[in-house]
Amino acid sequence: MKEILIILMSVIIVDNFVLSKFLGICPFLGVSKKLDAAVGMSLAVTFVMIIATAVTYPIYKFLLVKYNLEYLETIVFILVIASLVQLVEIILKKYVPILQRSLGIYLPLITTNCAVLGVTLLNIKDEYTYIHSLVNSLGAGIGFLLAMVLFSGIRQRIEHNNIPLSFKGVPSILIAASIVALSFMGFGGVIEGMFV
Amino acid sequence: MIENIIPITIVVGIGLLAGIILTIASKLMAVEVNEAVNKVHEALPGVNCGACGFSGCEDYAKNIIDDKTVKTNLCTPGGSEVAMKISNILGIDFQAVVGLQAIVKCSGTLGNTSYVMEYEGLQSCAANKLFYRGRGACHNACLGYGDCTSVCEFDAIKVVDNVAHVDKSKCVGCGMCVAKCPQHIIKIMPASQKIFVRCSSTDSGGYTKSVCKAGCISCKKCEKVCPVEAIMVKNNYARIDVEKCIGCKKCMEVCPVNVIHLVRE
């Protein structure tokens with residue numbers, strides 16, 4: 001139980017996927033303009049991350065390791081993730097059309113999102129067990145949600161400010177994002193002290 | 001070469017398996033898309049304002065096709081032109097759109113009323129309303145920061161002299177400003193209605209008179225003189241029932257503060 005809490009805390013706050021590991025910046029900058037779009041995107045990403053881990057982890061352990069093919073992990077994972085997202089979209093469209101209408105537009109965006117591939121590869125690298133990998137993906141998704149919601153609030157404030165013409169738009173957002181990332185650095189070392 | 005057979009087989013195998021699963025899934029779980037829905041959707045303006053009562057143009061298109069009782073003349077931004085196109089696509093009778101307009105029920109210009117604060121924060125009505133009750137001395141004043149202007153797709157509402165005004169020639173009655181106004185003082189009424197009370201003040205008559213020169217003081221003179229009982233004072237301000245109003249203008253003549261106005265064409 002303690003390990004699960006440690007994993008969750010570290011991947012949500014200390015090692016936040018977007019703000020510390022700098023994965024998944026594309027949707028972070030692109031979709032964070034409106035709060036409901038940001039939340040929808042993060043939920044879709046969390047969902048895909050968990051399912052991707054659930055499928056790729058056994059494939060790695062029982063197929064790739066068995067035949068000494070660990071070097072194939074990148075290609076195989078991308079293949080699996082892409083087809084998985086397509087399958088999820090087909091299932092959603094048929095059985096839960098409401099969800100498809102709100103989250104459906106983000107699914108193609110998430111397919112080759114480096115955050116999803118990152119979480120599956122990092123699960124292998126950090127040598128987590130199956131349960132811990134799933135918890136790690138859940139935490140990664142929640143961390144993504146946290147970063148998106150925080151940043152969308154900041155963006156709404158920046159919108160009404162007087163910004164010099166050369167900084168208007170993406171430059172000001174990038175600067176704001178880097179400051180937020182800097183602030184998250186302050187969480188380093190918090191986990192070790194917490195669960196001692 | 002032989003050692004490469006296994007990895008190649010594995011990758012190709014996974015790819016083939018994924019392809020087969022996806023093909024089967026797409027055939028088994030295919031969703032029928034009605035062509036007619038797309039045609040109707042293309043005829044609609046695509047503003048997604050919700051004036052028709054559905055959650056966006058796609059939803060309205062879907063409901064027009066699925067449900068025979070849904071009228072084709074509900075799209076106010078599109079107007080009768082769009083209603084005509086939809087009737088042609090479906091092959092049913094054409095019904096003209098009931099024209100709607102938005103009106104701002106506040107006369108609190110700089111000359112008529114005063115402010116209770118000097119606000120230096122986020123220049124938005126919703127933000128200003130968080131402090132105390134907004135900057136107006138009246139509880140239901142137009143705050144004049146233009147949230148309505150920013151949401152209007154037709155450039156029909158502007159803030160003049162710190163009160164929002166609707167340009168009737170551009171307004172289509174979609175209702176987006178109504179939803180955005182944090183004071184809830186913008187109302188939608190039929191385009192045929194010419195007379196309205198330009199005040200939403202729920203404060204008592206005495207208080208209203210002390211804070212705004214043009215506010216409704218609920219004296220009820222209009223109520224007494226109306227021949228069809230269309231105007232009533234409820235909750236300290238007068239309102240006109242548009243179904244009953246015949247446009248005789250008697251209420252306008254007796255109003256002591258001149259808060260009942262004609263819609264400027």
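**Notes on the two-chain model**

1. Lys213(B) sits in the loop between helix H8 (205–211) and helix H9 (221–225) of chain B. The model is predicted. Lys213(B) has 17 C-beta neighbours inside 10 Å, so this residue counts as partly exposed. Gly111(B) lies 102 residues away along the chain, yet the C-alpha atoms of Lys213(B) and Gly111(B) are 8.3 Å apart.

2. Next, a strand of chain B. Strand S1 (residues 100–104) of chain B has five residues, and four of them are buried, so the rest of the structure largely encloses this strand. Its pairing partner is strand S4 (residues 186–190) of chain B. The two run antiparallel and are joined over five bridges. Within this pair, Gln101(B) faces Met189(B) of S4(B).

3. Now the helices of chain A. Helix H3 (residues 35–64) of chain A packs against helix H8 (residues 130–159) of chain A. Their axes come within 9 Å and cross at roughly 165°. H3(A) is therefore roughly antiparallel to H8(A); the cut-off for that label is an angle over 145 degrees. The crossing of H3(A) and H8(A) is right-handed. Their contact comprises 18 nonpolar and seven polar residues, with no charged ones.

4. H7(A) passes H8(A) in a right-handed crossing.

5. The residues behind the H7(A)–H8(A) contact can be listed. H7(A) supplies Ala115(A), Val119(A) and Asn123(A). H8(A) supplies Ser133(A), Asn136(A), Ser137(A), Ala140(A) and Phe144(A). By class, this contact holds four nonpolar and four polar residues.

6. Last, the interface between the chains. Contacts link 16 residues of chain A with 16 residues of chain B. On the side of chain A that touches chain B, helix H4 (residues 73–95) of chain A gives the most, with eleven residues. By class, that side of chain A has eleven nonpolar, three polar and two charged residues.

Technical notes. Residues are numbered from 1 along each chain as its sequence is written. Chains are lettered from A and ligands numbered from 1 in the order in which they are written. This is a predicted model: local features need pLDDT of at least 70, side-chain atom pairs count only at pLDDT 80 or more; totals for chains, interfaces and linings use all residues. Axes are lines fitted to C-alpha atoms, for helices over the stretch in contact, and angles run from 0 to 180 degrees between N-to-C directions. Helices (H or I, at least four residues) and strands (E, at least two) are DSSP runs, numbered from the N terminus. A crossing is left-handed if the near helix is turned anticlockwise from the far one by less than a right angle, and right-handed if clockwise. Two residues are in contact if their C-beta atoms, placed from the backbone, lie within 7 Å. Ala, Val, Leu, Ile, Met, Phe, Trp, Tyr, Cys and Pro count as nonpolar, Asp, Glu, Lys and Arg as charged, and the others, Gly among them, as polar. A residue is buried if 20 or more other C-beta atoms lie within 10 Å of its own, exposed if 12 or fewer, and partly exposed in between; C-beta atoms are placed from the backbone. Two strands pair if DSSP finds at least two bridges between them. Angles under 35 degrees count as roughly parallel, over 145 as roughly antiparallel, 65 to 115 as roughly perpendicular and the rest as oblique.
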